[in-house]
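Please read the notes below alongside the structure. They are meant for someone coming to it for the first time.

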Amino acid sequence: MERDSLHPLSQRLTPPPPSRRELMALATLAAGGLLTSCGRGGSTKTVVRFWNGFTGPDGRTMLRMVQRFNAQNPDVQVVMQRMDWNTCYNKLFVSGLGGRAPELFVVHTRAMERFVRAGFLRSNNDLITGVHSIDTRDLDSNVWQGVEFGGKHYGLPLDCHAMGMYFNRALFQKAGMVDRQGNPLVPTNREEFLHVIKEITHPGKEGKADTWGFVLTNWESNLYTFMRQFGGEFFTPDHSKCVLYNPENIEALQFCVDLIRRYKVAPQPEYFDSWIGFRQGKVGIVFEGIYMLADLQKQKDLDFSGAPVPQVSQHKAVWADSHNLCMRSDLKEPELSATWRFIKYLSDNSLDWAEGGQIPVRKSLRAAPRFESMKVQSAFAKQIPIVNYLPRLPFIFEFQTEFNLALEKALRGRATPAEALQNAETRMNGIIARDRGNG
Amino acid sequence: MTASRRLRALSGYLFALPYLTLFCGFVVLPLLFGLSLSLFRWEILSARPAQFVGSANYQEALHDPYFWKALFATFRFVMLAVPPTICLALAIANGIHAIPRKRQAFYRAAYFLPTVITISVAGILWRWFYNSEFGLFNAYLGQVNIKVPWITDYRWAMPSIVLMTLWWTVGGPMVALLAGLQNIPVAYYEAAALDGAVGWRVFRHITLPLLRPVLLFVMVLNITGAFQVFGQVYMITRGGPEMSTRTLVQYIYETAFNNYRMGYASALSWLLFLVIALFSVIQFRMMREQ
């Protein structure tokens, strides 16, 4: 642990003497050491270390679940550590190489491939039919397939955080986009979508638009959705070639550029600021993940609701990812059964997890009245059959870098959609060639 | 005589030993390991074992547009950040030096304070300041109808990072320069006053030359530090927009820990090391020749 955090880079980059933050970190480490030694000492508790990137409100939800499990299972002590996803993945790889990986950790479906390929994960097919069995027919089949590699499953999906449409009810009302009963006219296709956002957009003072119909917050998930809806492909099925530069993807990207430049119903995308715009009630519609729900619920004066993303072209598709509970490949008893018991506990209780802004992937749980009372979650959950995960690539982060750069250039008008995508495709094919050993 | 000298030398080495051990264990060895790694193709992800490739990683770097882009961004940061930092630190140090000793401690502490804040905290703080919709700066500028795209426009992002860096790091050089100023014997100033020198001429012909060793020290530290800029950029812009602020260290970091290409990342690190070494040598030469 200590060796990981004293990374040579961070050493060189932190100039001042120990700050309060660092002292606190030391104190936490010491406390953590105490905890572990307690577990190994007098009592017979089995310690399960659990790493994840739930640093937002989801982390508090997860912490409550961990505490409840620990209380109900006196022989097991789950010790959770939260860090931002980038750090989490880096530490997982470094600790995995050193043979010190935690017993349990969370991996996104998009990142599974590289972990499987590195041999870090343990398949769970023997456990799922064992003593603490889980009926896999209760899991959504497409989500369950997301963790399957060569006939084996390497993680248990806890949720499916699909993207969905959040809309501002007050702005719909103001623009007259309501039916006779005063319910918002929720757009479901391209015409309705364009109509609504045009009606909501209106200029404020000094010629500047005050209210926007739509804004792109997360370019990657938004454009991935649009491109899939237009029927665009990203790679050949065997991932041997990138085919990002194709008419469907260009059309989808052009559609978004037009929203900004031609129809002027969306402002220039500005990272996270755009999301703030929606929170402040200045934007009619955004497409964001279900995990942003908790952020909106804090905003008491915002009258919002959720619905599936409109279908703007001929295909049904929406971006999603899943959090998968994964085990270290060399896990032995007694940690193995303790870890699996905890995994099953989380899955069985994933309605608690859903409460914090997630969609469980156990169909039986989604059928419960408690889930139906979670309005936004159940609206987004309707999209589960049509969710699209990012392509499963070992070099997924490099793909994301290139893809985002292309989108940024096109959306800011620094390149045409065709130029931007062609450039990214060329770079990606170089990376594939290198990965396959020809480059 | 010789015996006692040898003993003295031995005790010197003994004093240096703890540091030397750590230095070798944690700096020299990793450096050499990195150098040998840079000659291998080693991607943690792939099942393929590490493979000796000679200078292939270095050749790849020379043809890698992202390397050049990152190098350019790094140079841009150094050029924009170092001169203002040194000048500002010198100006503040002179100002503090001029006020009575009793009150100096307060100002010294006040200017040094930001340096004590860790970069993660300072970075988050400034990201809020720079937010174009609800940030502090644009809130004030908005009152005169100005809206600056601080970190969302590729032209503005780097200067914004530099501004933040100035606030964050000016304290260190300032303290060093202040100590240097206080070490200049008063006799020189008295002699100059007798000769009728005042103001700028005193500063130009007495303060600056006598401050040269400290200035060199501060400049070398500042420039090597600036070449390794990472924290601010990573916290505030993540290298964006359009990679305009992605510096070499961030590129190295991402190559090693996002893409797991250890050999290539090591080669990039050594290239950065060469650039920094080159600049340090030039500076020492320049200061010596004057």
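The points below take up confidence, then domains, then selected elements and residues.

1. This is a predicted model, in which local features need pLDDT of at least 70, side-chain atom pairs count only at pLDDT 80 or more, and totals for chains, interfaces and linings use all residues. Residues are numbered from 1 along each chain as its sequence is written, while chains are lettered from A and ligands numbered from 1 in the order in which they are written.

2. Among the elements of chain A, the lowest mean, 34, belongs to helix H1 (residues 2-5) of chain A, and the highest, 97, to strand E13 (residues 323-327) of chain A. Helices (H or I, at least four residues) and strands (E, at least two) are DSSP runs, numbered from the N terminus.

3. Two stretches of chain A should be read with care. Residues 1-18 of chain A have pLDDT below 50, with 16 contacts in the model beyond near neighbours in sequence. Over residues 28-41 of chain A pLDDT stays under 50, and the model has 8 contacts beyond four places in sequence for them. A contact means two residues whose C-beta atoms, placed from the backbone, lie within 7 Å.

4. Chain A is divided into domain 1 (2-14 + 36-158 + 324-375) and domain 2 (162-320 + 395-435); the bounds come from an automatic or database domain assignment. The C-alpha centres of domain 1 of chain A and domain 2 of chain A are 31 Å apart. Where they touch, domain 1 of chain A gives 11 residues and domain 2 of chain A gives 7 residues.

5. A:Asn86 sits in helix H5 (residues 85-97) of chain A. A:Asn86 counts as partly exposed because it has 16 C-beta neighbours inside 10 Å. The scale is: buried with 20 or more other C-beta atoms within 10 Å of a residue's own, exposed with 12 or fewer, partly exposed in between, with C-beta atoms placed from the backbone. A:Gly53 is 33 residues from A:Asn86 in sequence, yet their C-alpha atoms are 8.2 Å apart.

6. Chain B contains 13 helices and 2 strands. Its C-alpha trace spans about 80 × 75 × 30 Å along its principal axes. Of the 290 residues in chain B, 34% are buried.

7. In helix H8 of chain B, the buried residues include B:Met174, B:Val175, B:Leu177 and B:Leu178. Helix H3 (65-98) and helix H10 (199-227) of chain B are among the elements covering the buried residues of H8(B).

Notes. pLDDT = per-residue confidence, 0-100.
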